[in-house]
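Here's a quick tour of one protein chain. Have the picture open while you read, and check each point as you go.

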Amino acid sequence: MAVMNDLHMGRYSGIWWRLLLDVTALIMLVFIVTGLWLVVPQKKRRGTLFRVAAAGTGVLAAGYWIALLP
C-alpha cells in the first residue's frame with residue numbers, strides 16, 4: 001500500500017511521472033469545468049444534474065474523510 005501511495009503522489013519518481021500527474025490533473029479539471037458550463041444553460045435538467053454532482057462530491061468527500069481516519 002505504501003508503494004502505491006508513493007506512486008500516486010509522485011514521491012521518489014522522475015520528472016516525467018510528476019509531469020504526467022500534473023497534466024492528467026489539469027485535463028480532469030478542464031473536463032469538470034466544461035461539463036458544469038454545459039449544464040448551466042439547461043434549465044430543465046439543471047436541478048437534477050446539480051443534485052447528482054453534489055451527491056458525488058459528498059460521497060468523495062466522505063470517502064476522503066474516512067481514509068484519513070486512523
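The chain has three helices and zero strands, where helices (H or I, at least four residues) and strands (E, at least two) are DSSP runs numbered from the N terminus. Read from the N terminus, the order is simply α-α-α. Keep in mind that this is a predicted model, in which local features need pLDDT of at least 70, side-chain atom pairs count only at pLDDT 80 or more, and totals for chains, interfaces and linings use all residues. Residues are numbered from 1 along each chain as its sequence is written, and side-chain values use heavy atoms, leaving out hydrogens and water.

**Confidence**
- pLDDT is the predictor's confidence in each residue, from 0 to 100; its mean over the chain is 87, and 100% of the residues reach 70 or more.
- Confidence is lowest in helix H1 (residues 2-9), with a mean of 79, and highest in helix H3 (residues 43-68), with 90.

**Overall shape**
- The chain's radius of gyration is 17 Å, while a compact globule of 70 residues would have one near 11 Å; the radius is taken over C-alpha atoms, and the globule rule is 2.2 Å times the number of residues to the power 0.38.
- Along the principal axes, the C-alpha atoms fill a box of roughly 50 × 30 × 10 Å.

**Surface**

**Helix H3**
- The end C-alpha atoms of H3 sit 38 Å apart, which agrees with the 38 Å its 26 residues should span at 1.5 Å a residue (the expected span is 1.5 Å times one less than the number of residues).

- Leu-7 belongs to helix H1 and is partly exposed, at a relative accessible area of 41%.
- Not counting residues up to four places away in sequence, Leu-7 touches Trp-17 and Leu-21 (contact means heavy atoms within 4.5 Å).
- Leu-7 and Trp-17 are 10 residues apart in sequence, and their C-alpha atoms are 8.8 Å apart in space.

Conventions: Buried means under 20% relative accessible area, exposed over 50%, partly exposed in between (1.4 Å probe, protein chains only).
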